[in-house]
Amino acid sequence: MSGADWLSYSLQDFVMFGPQVFLRLFVRINQDLWPWQVLAVVAAIGIPVLLLRQGRNARRLAVGLIAVAWAVSGYGFLVGYFGPINWPAVWFGWAFVAQGVLLAAAMFSGGVREAALPSGRFVALWLIVVCGLPWLAVAESGQWQALALFGIAPGTTAAAGALIVAVITGPWRWLYLPLLVLWSLFSAAMFWVLQAWWLLVAPVATLFLVGAGSWLSPRTAQSPD
Amino acid sequence: MANRITRRKFLISSGLAGIALKSPMLFANTSGNAASSPIMRRIPGMDESIPAIGMGTWITFNVGGDTQLVQQRTRVLKTFFDLGGTVVDGSPMYGSAADVMGEALDSLDAHDRIFAATKIWTGDESETRAEAARSSRRWGVERFDLLQVHNLLGWQGHLETLKQMKANGEVRYIGITTSHGRRHREFAQIMERESLDFVQLTYNVLDHEVEDRLLPLAQERGIGVIVNRPFQGGSLFRRFQSEPLPNWAGEVGVSNWAEFFLKYIISHPAVTCAIPATSKVEHMKENMGALYGALPNAGQRQRMADYVRSL
Ligand SMILES: NC(=O)c1ccc[n+]([C@@H]2O[C@H](COP(=O)([O-])OP(=O)(O)OC[C@H]3O[C@@H](n4cnc5c(N)ncnc54)[C@H](OP(=O)(O)O)[C@@H]3O)[C@@H](O)[C@H]2O)c1
């Protein structure tokens, strides 16, 4: 294909599904999983508690739960539900699983800091993400069953996962960042084409939270709360 | 005046109505003059006619495993068939649309009512047969009526195999597609050199570049023309639906914007069929309205184009 041909393509040409079908993915996965999403809610609330506790095991458990959240939302939502209507979602799904594995590997290989976090700011941001972002799909679809929960929906999971940059050290952090950026760009472009304005908040928040996570990291934190 | 219906009269007329609904082709009028019969177009060089309005499946039928939406799209397809449509266009590029079409055809038991058209969409030129076979499994059809090389991707190799497949009776018609005005020069060269039954291209009241070269060439070479993006992917509605129809719309057999856009297209003498896509039963009814009634003549077509461009 010539350069001029490529120029004749717009973002629209690459989105092969409509907003109604996409928003129903959230409703469908919630219906199919019920009542197991209670576990996702417990994990979302429990993770900051574990992260702030002193001790290696608590932090490992928290990071382990986030790793599981990456893998489950990747394999469940992206590969299982989104993949059939959008092929790139399958690639992202497996990348989410790999991200979970990467996080787990970092945890077992000393890639996770044990120093204390600035707890107030971290918990506040975490709770805003896991309690606030799920409602974006509800606002967009008008259906409360579309709640995009942490550990199930990829957008909320990636946004919360971005905050964990705070505890990942040097080289592991560089491996962890690309998916956050790629996913944010991909989903932002998709929501733009679908004109799903509420959903656009999630990728923007994810990029912001990568910055916030780096800022909250114990090494750079000036005074832990 | 009340008209008494006897049991005998009722049985005869309901039987006829049933036949009419089941086989709209039976009452087809190939000239498109009678208000009550669908506008049919002859496939150039063939003894076969197809309804001038078909349907596309890009985006609209890609609903994955969502049973609620599959059922809803099945109702869209049923409306299409009930109103006299037969030509359905798909592509392996359209995600789950082929599987959804297969499910819908199964539940309507409508495999014999469809003129099934899909595409070969792979850069691997040795994959033609394999991809056609995969598509026919997904649609649940024994063979396709029409196989088209999607956007000229690997067209040389695919076209050779498609010709053999046609000779063996594995497919009835073959063709090539483009859209959005892409690669028209190469498209025209292929139309000049190759023996094609159909070409598929973009044509609508705003995108009319094909009027200069490709449509006259199709007429000259006896190639059927399927028109994609008749509503410019829906943007014609977004731009013009709030505007009034011209007060002479009735003269050209038009009662809404969907009919306006579609009748403009199918009244071009080179066009065989337009394939609008929709996810809604109500929109399908509007679109299929263009399959009936009067068509604009050349002067009226010009007036239609001028009117839209003046808005
Ligand atoms: N290269 C190729 O081979 C190629 C390229 C492009 C397209 N195609 C084929 O051509 C088909 C048609 O093109 P397209 O789907 O891109 O675009 P299109 O048919 O021009 O427009 C489809 C859009 O119009 C809307 N619409 C349909 N009927 C309507 C009505 N009565 N009132 C208001 N809105 C209406 C639909 O929305 P609703 O769902 O809300 O009705 C949909 O968003 C495709 O589906 C595909 O099969 C082939």
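Student: How many salt bridges does the rule find across the interface of chain B and chain A?

Tutor: The test is one of distance: a side-chain nitrogen of Lys or Arg has to lie within 4 Å of a carboxyl oxygen of Asp or Glu. In this predicted model, the rule finds two salt bridges across the interface of chain B and chain A. One pair that meets the test is Asp13(A) with Arg182(B), whose closest N and O atoms are 3.3 Å apart.

Student: How many residue pairs are in polar contact between chain B and chain A?

Tutor: Nine residue pairs are counted between the two chains, both residues being at pLDDT 80 or more. On the side of chain B that touches chain A, the residues divide into eight nonpolar, eight polar and four charged.

Student: What area do chain B and chain A bury between them?

Tutor: The size of an interface is often given as the accessible area lost when the parts come together. For chain B and chain A that area is about 1500 Å², with 49% of it on carbon and sulfur atoms. Counted by residue, 20 of chain B are in contact with 15 of chain A.

Student: How many salt bridges are there over all chains?

Tutor: Searching the whole structure gives 18. An example is the bridge between the side chains of Asp82(B) and Lys78(B), at 2.7 Å from N to O.

Student: Turning to the ligand, how many residues surround it, and which are the closest?

Tutor: The shell holds 31 residues, the closest being Asn151(B), Thr278(B), Ser279(B), Lys280(B) and His283(B). By class, the shell has nine nonpolar, 17 polar and five charged residues. Helix α10 (residues 281–289) of chain B gives the most to this shell, with three residues.

Student: Which atoms of the ligand lie 2.6 Å or 2.9 Å from a polar side-chain atom?

Tutor: Start with Ser279(B): an N or O atom of its side chain is 2.6 Å from an oxygen atom of the ligand. For Asn287(B), a polar side-chain atom lies 2.9 Å from a ligand nitrogen. A nitrogen atom of the ligand is also 3.5 Å from an N or O atom in the side chain of Ser179(B).

Student: How much of the ligand's exposed area does the protein bury?

Tutor: The reference is the ligand taken alone, which exposes 900 Å². The protein buries 90% of that.

Key. Residues are numbered from 1 along each chain as its sequence is written. Chains are lettered from A and ligands numbered from 1 in the order in which they are written. This is a predicted model: local features need pLDDT of at least 70, side-chain atom pairs count only at pLDDT 80 or more; totals for chains, interfaces and linings use all residues. Side-chain values use heavy atoms; hydrogens and water are left out. A residue is near a molecule or strand if one of its heavy atoms lies within 4 Å of it. A polar contact is a pair of N or O atoms within 3.5 Å; within protein, one must be able to donate a hydrogen and the other to accept it, and residues adjacent in sequence count only if both atoms are side-chain atoms. Accessible areas come from the Shrake-Rupley method with a 1.4 Å probe; for residues, only the protein chains shown count as cover. Helices (H or I, at least four residues) and strands (E, at least two) are DSSP runs, numbered from the N terminus. Ala, Val, Leu, Ile, Met, Phe, Trp, Tyr, Cys and Pro count as nonpolar, Asp, Glu, Lys and Arg as charged, and the others, Gly among them, as polar. Contact means heavy atoms within 4.5 Å. Buried area is the accessible area (1.4 Å probe) that two parts lose on being put together, summed over both.
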